[in-house]
There are 2 protein chains.
Amino acid sequence: MLSNAAQYAIRSILYLALYSSATQRIRTKKISQDLEVPQPFLAKLLQRLGGADLVSSSKGPNGGFYLNKTNRNKTVWDIIVTVDGTEKFNQCFLGLHTCSDNNPCPVHFNVSPFKQIIKKDFKGKTIAQFSEEIKKRGTVLSLKDFDALHK
Amino acid sequence: MLSNAAQYAIRSILYLALYSSATQRIRTKKISQDLEVPQPFLAKLLQRLGGADLVSSSKGPNGGFYLNKTNRNKTVWDIIVTVDGTEKFNQCFLGLHTCSDNNPCPVHFNVSPFKQIIKKDFKGKTIAQFSEEIKKRGTVLSLKDFDALHK
DNA sequence: CAATTTTAAGACCAAATAGTCTTTAATAGG
DNA sequence: CCTATTAAAGACTATTTGGTCTTAAAATTG
């Protein structure tokens, strides 16, 4: 459903929400290792996310990426929109352009309600809230892949 | 979520379920026009579906594609598996290979239950049952795009 | 059995996504 | 102010998916 890029983006931003701050910046090398994502690809992606004001960065020694206040008030939906656009997410499961509640395809009501709920979830919660939730639920619910690795 | 090919495949097979029989075969040209799908692409796709025993065909004048008894007892899930494989469908929303109920990613419980329900729906109903349902619900619920076009 | 119509098969081309590499610019620290 | 370190920028390559085209083979009809 999401592109690799969007998946990487969401995971990176949640990672930065958990572990970075304006004074504790994180280099792409470390992020890519912890998230098991190709480093050059991630670098370019974070660059894009920077342009969309979803992450912050600074160059030079002790530079790297982090999230500021503004960044933390974005949503997962913002990330998806920036990286993949809305089209793929909203499109009919069978690819019919005319599909809607009034004019549904044969699987519309099997699929559509769920997509609405997921979308609402992703729109309604900020990155900050999301990361609080991850912390609260502990390691079981956390980004296991890199939580374990992070020191 | 599904590839174009899988979407075309599902729509084509439901179309054949509604309008074809062993004596009433349908040519790729007609199918592609009614479904608004590129004809050569569809031809190749139907060829593959034939190999997987999801559709039947015969060559020559008055030839074309149709569904036999066996074909009609397949499920939408069978189509998805044949065309796209199971991987994409079962994979974690954020792309984590370790993600599971025991070891969930941050969005696992937002997404996973829905996928299970959808999958169960698609596994549990035969093409024959599906097409009955489409007929029963009338044109409103039907494959509008081609239902309107089909004479 | 010849002509025509249709799928079968497979080589081919195009576009999107995924991923790499190299050069430049900014910044911190000695 | 020089050097090292980091992101920014953009050109480049690879892989996958989507889609086309051409030739062969099967079946029907006269």
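Select Cys99(A): this residue is buried, its relative accessible area being 18% (buried means under 20%, exposed over 50%, partly exposed in between, with a 1.4 Å probe and protein chains only). The model is predicted, so local features need pLDDT of at least 70 and side-chain atom pairs pLDDT 80 or more, while totals for chains, interfaces and linings use all residues. Residues are numbered from 1 along each chain as written, chains are lettered from A in the order written, and side-chain values use heavy atoms, without hydrogens and water.

Show the sulfur atoms next. The closest cysteine sulfur to that of Cys99(A) belongs to Cys92(A), 3.7 Å away and too far for a bond. Cys105(A), in no disulfide either, has the sulfur of Cys92(A) as its nearest, at 3.8 Å. Cys105(A) is buried, at 1% relative accessible area.

Now display both chains. Chain B superposes on chain A by a rotation of 180 degrees with 0.0 Å of shift along the axis, RMSD 0.0 Å (least squares on C-alpha atoms of residues with pLDDT of at least 70 in both). The copies are thus related as by a two-fold rotation axis. Select Met1(B): its C-alpha, at 2.1 Å, comes closest to that axis among the residues of chain B.

Finally, select Met1(A), Phe93(A), Lys115(A), Met1(B) and Phe93(B), the closest to the centre of the largest cavity among its 23 lining residues (on a 1 Å grid over the protein atoms alone, a cavity is a set of points where a 1.4 Å probe fits but cannot get out; lining residues have an atom within 4 Å of a point). The lining divides into 15 nonpolar, four polar and four charged residues (Ala, Val, Leu, Ile, Met, Phe, Trp, Tyr, Cys and Pro count as nonpolar, Asp, Glu, Lys and Arg as charged, the others as polar).

Key. On a 1 Å grid over the protein atoms alone, a cavity is a set of points where a 1.4 Å probe fits but cannot get out, and a pocket is an open set with protein on both sides within 12 Å along at least five of seven lines; lining residues have an atom within 4 Å of a point. A disulfide is a pair of cysteine sulfur atoms within 2.5 Å.
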